[in-house]
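The notes are grouped by topic and follow the display below.

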Amino acid sequence: MVVALLAVTIGGIAVISTRVVHEEFRKFEVDVHVPARAAPATPADLAAFARERHADAVLFDAQRRLVATTFHPSRMELHAGGTLTIVDGMAKKMVRGGLRTADGGYLFLLPKDDLPTPRRTLDRAFVWIFSVAALFGIAMAVAIARWIANPIERLTDATRRMERGDLTVRVAPGGGPELGALAHGFNAMAAALDRNEALRRRMVTDVAHELRAPLTNIRCELESMQDGLTAATPERIASLHEETMHLARLVDDLQTLSLAEAGALEIAPRAVAMAALVRRASASVTADGPSDLLVMADPTRTVQILTNLLTNAMHYSDDVRVSWRREGNEVRIDVADRGPGIAADQLPHLFERFYRVDPSRSRHTGGAGLGLAIVKQLVQAQGGRVWAESAVGVGSRFSFTLPVAESS
């Protein structure tokens with residue numbers, strides 16, 4: 001398409017420009033080569049004049065009568081306005097732009113066909129110029145087409161490899177800013193899919209790990225009782241109940257997280273005092289904030305957020321503090337502790353499902369790793385934001401926001 005467009009454009013320009021130049025050239029060709037003061041006055045002068053210029057010449061008087069000519073076609077006729085018609089056999093030619101002589105006549109200079117006239121030279125120049133321009137345009141069109149097509153081909157190949165399951169494929173940006181942006185978008189998508197696939201595999205492993213321990217304990221206790229090795233004492237029954245409740249909490253957390261991520265979690269926001277929500281979550285922590293500050297939130301879900309954050313903080317420190325304040329159209333709530341702190345490289349992963357700072361996943365150093373993931377989903381479902389700040393050896397602070405509810 002680009003080559004066809006170039007060919008039509010260049011060809012059209014060549015034809016139009018050639019015709020225009022020819023018309024303009026005819027108007028002054030004789031004036032350029034034959035100054036008025038040098039116009040021949042007699043037939044002998046006309047013949048000598050024509051020989052010097054390697055051309056044929058025709059001279060007419062003021063009444064448009066033929067005075068002299070150096071060639072003899074079948075018929076010649078000078079029309080009003082200075083247009084000369086030459087008929088030679090079957091050929092007919094119209095000549096314009098004759099020179100007016102001093103006595104009011106017309107002088108026409110006609111270059112011989114076998115000589116390189118200015119018009120022929122000009123035609124050849126046009127042919128070369130537009131041929132070179134066409135070749136250059138075609139070469140540029142092919143180069144541009146390849147410049148655009150190569151990144152698209154690489155992207156298509158990468159898409160096919162991804163379709164076959166290779167999520168590590170990436171493409172090099174190229175082909176201009178638009179295709180470069182497309183390549184960056186593809187790489188970001190591929191990275192997200194690769195990351196999600198890794199999270200999915202890790203989640204399956206983590207779920208299996210979290211379920212295996214309590215199920216193993218329950219099975220061992222029950223088999224021991226069945227074999228008569230141990231008695232069903234209240235302590236053993238309490239232990240089995242604790243393991244069962246652990247499994248129930250894990251299933252409930254997974255269900256809550258699944259509903260929140262799918263956007264199917266029921267949220268019933270209403271205006272409620274932030275201080276009241278903090279007291280419902282825990283009455284044993286230090287609280288600092290205006291008692292009359294209202295938030296637009298679901299009380300049950302907000303208490304669940306605070307409970308998860310406070311439980312997590314109290315697991316690492318006895319010095320836990322909750323504070324809240326208004327910032328614009330939001331209320332910022334902070335849960336701070338003076339625990340051991342969290343390394344900076346672990347902060348971006350704290351709100352991922354089943355992520356644990358302790359890689360051994362011991363139950364003594366934390367839960368299943370779903371609490372903070374649930375906190376993130378519950379906060380976002382209520383139109384807020386959540387983040388964490390920490391310094392090793394100083395403590396951690398988990399913050400989230402909720403919309404302000406203006407008091408009526």
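In this predicted model, α3 (118–163) and α4 each contribute at least two residues to the lining of the largest cavity. The largest contribution comes from α3, with four residues.

**Largest cavity**
- The volume of the largest cavity is about 70 Å³.
- One cavity of 30 Å³ or more is found when the whole structure is searched.
- Its lining is formed by Pro151, Ile152, Arg154, Leu155, Val171, Ala172, Gly174, Leu179, Leu182 and Ala183.
- By class, the lining of the largest cavity comprises eight nonpolar residues, one polar and one charged.

**Second largest pocket**
- Two or more lining residues come from each of α4 (177–226), α5 (234–261) and α8 (371–381); α4 supplies the largest share, five residues.
- Seven nonpolar, three polar and six charged residues make up the lining of the second largest pocket.

**Nonpolar cores**
- The largest nonpolar core consists of 45 residues, and Trp324, Ile333 and Phe400 have the most contacts inside it.
- Beyond its neighbours within four places in sequence, Trp324 contacts Met274, Ala275, Val278, Ala287, Asp288, Gly289, Pro290, Leu293, Val331, Arg332 and Ile333.
- A second, separate core has eleven residues, among them Phe60, Met76, Leu78 and Leu110.
- In soluble globular proteins, nonpolar side chains tend to be buried together.

Conventions. Residues are numbered from 1 along each chain as its sequence is written. This is a predicted model: local features need pLDDT of at least 70, side-chain atom pairs count only at pLDDT 80 or more; totals for chains, interfaces and linings use all residues. Side-chain values use heavy atoms; hydrogens and water are left out. Ala, Val, Leu, Ile, Met, Phe, Trp, Tyr, Cys and Pro count as nonpolar, Asp, Glu, Lys and Arg as charged, and the others, Gly among them, as polar. A nonpolar core is a set of buried Ala, Val, Leu, Ile, Met, Phe, Trp, Tyr and Cys residues joined through side-chain atoms within 4.5 Å. Buried means under 20% relative accessible area, exposed over 50%, partly exposed in between (1.4 Å probe, protein chains only). Contact means heavy atoms within 4.5 Å. On a 1 Å grid over the protein atoms alone, a cavity is a set of points where a 1.4 Å probe fits but cannot get out, and a pocket is an open set with protein on both sides within 12 Å along at least five of seven lines; lining residues have an atom within 4 Å of a point. Grid points are joined across faces, edges and corners, and a volume is the space filled by probe spheres set on the points.
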